[in-house]
Amino acid sequence: MAKVIEPAAAEQVLDLKDMTDARVSLGRHGAGLPTRAQLSFLLDHARAREAVWTSVDRAALTDRLNGLGLSVVSIDSMAGDRSIYVRRPDLGRLLSAESTDRLKQTGAGKGYDVAIVVADGLSSSAVELNAVPLIEALVPKLTALNLSAAPIALANQARVALGDPAGHALGAKLTIVLVGERPGLSAADSLGAYITYGPKPGNPDSGRNCVSNIRDGGLPLGQAAEIISGLVRDMMKTRVSGVALKAAVAKLPSSTV
Amino acid sequence: MAYKTTIEQTVFRFDDLKTLLAKATPERSGDQLAGIAAEGPVERLAAQMALADLPLKAFLGEELISSDDDEVSRLIAERHDPAAFSAVSSLTVGEFREWLLKPETTHDRLEAVTWGLTPEMVAAVSKIMRLQDMIAVSAKRRVVTRFRNTIGLAGRLSTRNQPNHPTDDSRGIIASAIDGLLMGSGDAVIGVNPATDAVEDYVRIVSLLDELRDKLAIPTQTCCLGHVTTAIQAIERGAPVDLVFQSVAGSQKANHGFGVDLALLKEAHEAGRSLKRGMPGANVMYFETGQGAALSADAHFGVDQQTMEVRAYAVAREFDPLLVNTVVGFIGPEYLFNGKQIIRAGIEDHFCGKLLGLPMGVDVCYTNHADADQEDMDTLLTLLCAAGVNFVITVPGADDIMLNYQSLSHHDAVYCRETLKRPPAPEFEQWLAEIGLTDRDGALIGEPAALSSYVRSSNLIGA
């Protein structure tokens, strides 16, 4: 057992705030937060709620992606608007009939390896800030792996699993869904990447690999692109994704790893 | 078979047991999403009345999900203990509610009936109980578990210190853990939700937490909440794994969505026990559950989300866990739309878990797309303390910067200690005093050098 130690002198007190963005060392009055910290928390909550309810500017995203020489196709889920989308995740996972047709035409006869789907998810700011730079870092890495990429699909009112029907309609071997993650209080701009080999409607979530918290101050974009392309490489070799991927990679002959 | 109630000449008919249970469930968005909820309050009451008249034995005769298709149903059927059930076997669901509430139904009687109850019976009775009913019964039922300390003793409340970091940064994790320890949080577990699922990171995180626990001689346990397959690999590499964690749900298909089945959980349980890091006979498993998990995996088979949740407890109790908590407000507004639904679900989950013999805790929490706020959490926490919850989860300033949701703050734990008079596990309470964090009355008094200078003495994170 530790022995009793005198409270530290002021100069020994460690500044935990230098070590994490978490709300550490807030101080307290009884069990209560200091007033300023209390109100600042409420302001952040108000902002996060606003972020959930704002729409992505698809026209602007399309221009930026076109500027990188990438073509774009706009698609929609079966959730007609934001308020339906929040209550009906099932509709956010289904592709509208019109979008399905559009993707089938886009993919017909192309035999794409990879489909990149940008889904608004629950944070428009994550998509607007981070999706384009991440794609810019990722596409050359896919090219270096000799993989062909379908036009970028910009998906509205879309959940992660929308990538399954989208990738399937495009006829792609693998999908990378970049989705606006549910905003937290401190970070409303986190992007998540969900990678699935063999996209088809009904894939279980355990069949995906996830790279989360992609943002400035979280997982830096360059590093995220590196991790995603590494997963893509492993999946293309093993034809497996999700929780079984690690074991499948371990079984590969060492010369191919 | 079909069930009927007549209210003022209107006959309400419910085709089968799962329809009856779904229609009898207090309103929540998840059942509406699944298209199985009552049309309105009168139909709901009709279902509750029919349910109240149903003999408990009916649940032994009609499976909600066939054992032929589902290993969770098979487990429930195999584990049902007719001798334990005999104390309540003649009762209807409505009479069972009354039996539970009677003062003569003491802790020992509730404990004796534990393995005679199926998840479906417990879910059913909860549907016709108010919050106060469930709190009154839960408060009688203690479930005590042990690893390096004793959790769930009467009048006490443990806390999970959850020092998550968006990139699993070692210094960030330790800073957050120390912030919690300085506020007296962490006797249930110091447990990190990792951002990645790499074995290397898992090993690094448990090693980091183990060094903190060991150097400060904290009578608690640590956990990295990665997948069981990652935990098994880490154990094979000799990592210091105290608790093996897994999310579980109430059907084989939903568990498949989590990448587990009963055989894999058994393997994980044995791997955890083989390390013998706790006291003899220690509980080594940690499970999380939550209403909506099965529905979100399209693995609910038309069964309401609260009954599916209680079925997950049948999975959990098979492996003698140290800790189980529902992540009640985490799964989202499509399952529990607002503060009222989250509060009711938190009280239900705790009640049902305790009746089935689980060391039940609650992650009192909500997300930014739900219609809820910190005041709803104040209400749920206070009610749970009245109900005798084993533990809750706390994070710095109620803001989990990795999982992007709001749980309780370490400050809220101080409120439970000082206003609601709920001290932590006795071993941990003694440690808090010995290291200089609390005075003789258990009030927080200072910032001992051992904690504030810990970072400089750590071998694993460096200065």
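UniProt positions are given here in the numbering of this model, with feature names shortened, and such annotations may be inferred rather than shown by experiment. With that in mind, the UniProt record, an unreviewed entry, puts a "binding site" feature at A:Val160, A:Glu181 and A:Cys210. These positions span 51 residues in sequence, yet no two of their C-alpha atoms are more than 11.7 Å apart, so they gather at one spot. The model is a predicted one, in which local features need pLDDT of at least 70 and side-chain atom pairs count only at pLDDT 80 or more, while totals for chains, interfaces and linings use all residues. Residues are numbered from 1 along each chain as its sequence is written, and chains are lettered from A and ligands numbered from 1 in the order in which they are written.

Two of the chain A positions can be looked at in turn. Helices (H or I, at least four residues) and strands (E, at least two) are DSSP runs numbered from the N terminus. On that basis, A:Val160 sits in the loop between strand 3 (152–156) and helix 7 of chain A. A residue is called buried if 20 or more other C-beta atoms lie within 10 Å of its own, exposed if 12 or fewer, and partly exposed in between, with C-beta atoms placed from the backbone. A:Val160 has 24 other C-beta atoms within 10 Å, so it is buried. Contact between two residues means that their C-beta atoms, placed from the backbone, lie within 7 Å. Setting aside residues up to four places away in sequence, A:Val160 touches A:Ala119, A:Val177, A:Val179 and A:Tyr194. A:Cys210, by contrast, belongs to strand 6 (residues 208–214) of chain A, and is partly exposed because 17 other C-beta atoms lie within 10 Å. With the sequence neighbours up to four places away left out, A:Cys210 touches A:Gly192 and A:Tyr194.

Helix 7 of chain A also packs against another helix. Its axis and that of helix 5 (residues 97–107) of chain A come within 7 Å and cross at roughly 40 degrees. That angle makes helix 5 of chain A oblique to helix 7 of chain A. Axes here are lines fitted to C-alpha atoms, for helices over the stretch in contact, and angles run from 0 to 180 degrees between N-to-C directions; under 35 degrees counts as roughly parallel, over 145 as roughly antiparallel, 65 to 115 as roughly perpendicular and the rest as oblique. From helix 5 of chain A come A:Thr100, A:Leu103, A:Lys104, A:Thr106 and A:Gly107, which meet A:Pro165, A:Ala166, A:Ala169 and A:Leu170 in helix 7 of chain A. The residues of this contact split into five nonpolar, three polar and one charged, where Ala, Val, Leu, Ile, Met, Phe, Trp, Tyr, Cys and Pro count as nonpolar, Asp, Glu, Lys and Arg as charged, and the others, Gly among them, as polar.

As for how the chains meet, 53 residues of chain B are in contact with 53 residues of chain A. On the chain B side, helix 11 gives the largest share, six residues.

Chain B itself is assigned domain 1 (3–129) and domain 2 (145–455), with bounds that come from an automatic or database domain assignment. The C-alpha centres of the two domains of chain B lie 29 Å apart. Their contact draws on 27 residues from domain 1 of chain B and 36 residues from domain 2 of chain B. Helix 9 of chain B gives the most to the domain 1 side, with five residues. The residues on that side comprise 16 nonpolar, five polar and six charged.

Chain B has its own "binding site" in the UniProt record (unreviewed entry), listed at B:Arg160, B:Asn161, B:Gln162, B:Asn193, B:Glu288 and B:Asp363. B:Asn193 falls in the loop between strand 6 (189–192) and helix 12 (199–215) of chain B and counts as partly exposed, with 19 C-beta neighbours inside 10 Å. Neighbours within four places in sequence aside, B:Asn193 is in contact with B:Asn164, B:Leu225, B:Met402 and B:Leu403. B:Glu288 is in strand 9 (residues 285–289) of chain B and is buried, with 23 other C-beta atoms within 10 Å. On the same terms, excluding neighbours within four places in sequence, B:Glu288 is in contact with B:Ser247, B:Asn325 and B:Val327.
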